[in-house]
Amino acid sequence: MLKPVSVLALSVLALAACSAEGDLAGDLEIGGTDPAYWTVQIHHETGKSAISILGEPAFEGELPVKTAGEGGAILLTSKTPEGDFAMAFTHKECFDGLAEDARPWTVTVKWNGEILNGCAKPV
């Protein structure tokens, strides 16, 4: 039988996981510098993702759809004219050289044969 303290600790962990995942339900600022400078702005009001990768023309995608990824990651996939732009989010503090402060999410994107690494935060 679980002791009241154990139940309380499990409840707090469950609430923290839910609130962290809730961060991905709103507008997001995503980006990185590895291997090239790239950014994604997700705007729920417009229903669009603005995607920019150094050396490529900027393009727009649809509002991403959330699914479960490998190893507990959360996938946000935006359909674009260039193909699906799938971003794997892991709730792990991230420093990317773009911001002075840590961001709460580490992001990995597989795009056109490259792996883009970066960070994300709700805005």
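**Salt bridges in the predicted model**

At 7% relative accessibility, Arg103 counts as buried, where buried means under 20% relative accessible area, exposed over 50% and partly exposed in between, as computed with a 1.4 Å probe on protein chains only. The structure is a predicted model, in which local features need pLDDT of at least 70 and side-chain atom pairs count only at pLDDT 80 or more, whereas totals for chains, interfaces and linings use all residues. Residues are numbered from 1 along each chain as its sequence is written, and side-chain values use heavy atoms, with hydrogens and water left out.

A salt bridge is taken as a side-chain nitrogen of Lys or Arg within 4 Å of a carboxyl oxygen of Asp or Glu, and by this rule the count comes to three. In one of them Arg103 pairs with Glu29, with 3.8 Å between the closest N and O atoms. Because Glu29 belongs to strand β1 (residues 28–34) and Arg103 to the loop between β7 (83–90) and β8 (105–111), this pair ties together parts that are 74 residues apart in sequence; strands (E, at least two residues) are DSSP runs numbered from the N terminus.

Glu29, which is partly exposed at a relative accessible area of 24%, also forms a salt bridge with Lys121 at 4.0 Å, N to O. Lys121 lies in strand β9 (residues 114–122), so its pairing with Glu29 in β1 connects parts 92 residues apart in sequence. Lys121 is partly exposed at 31% relative accessibility, and Glu29, Arg103 and Lys121 are thus linked in a network of salt bridges.

A further salt bridge joins Lys79 to Asp84, the closest N and O atoms lying 3.4 Å apart. Lys79 is partly exposed, with a relative accessible area of 46%, and Asp84 is likewise partly exposed, at 44%.

Terms used
Helix = DSSP H or I, 4+ residues; strand = E, 2+ residues; numbered from the N terminus.
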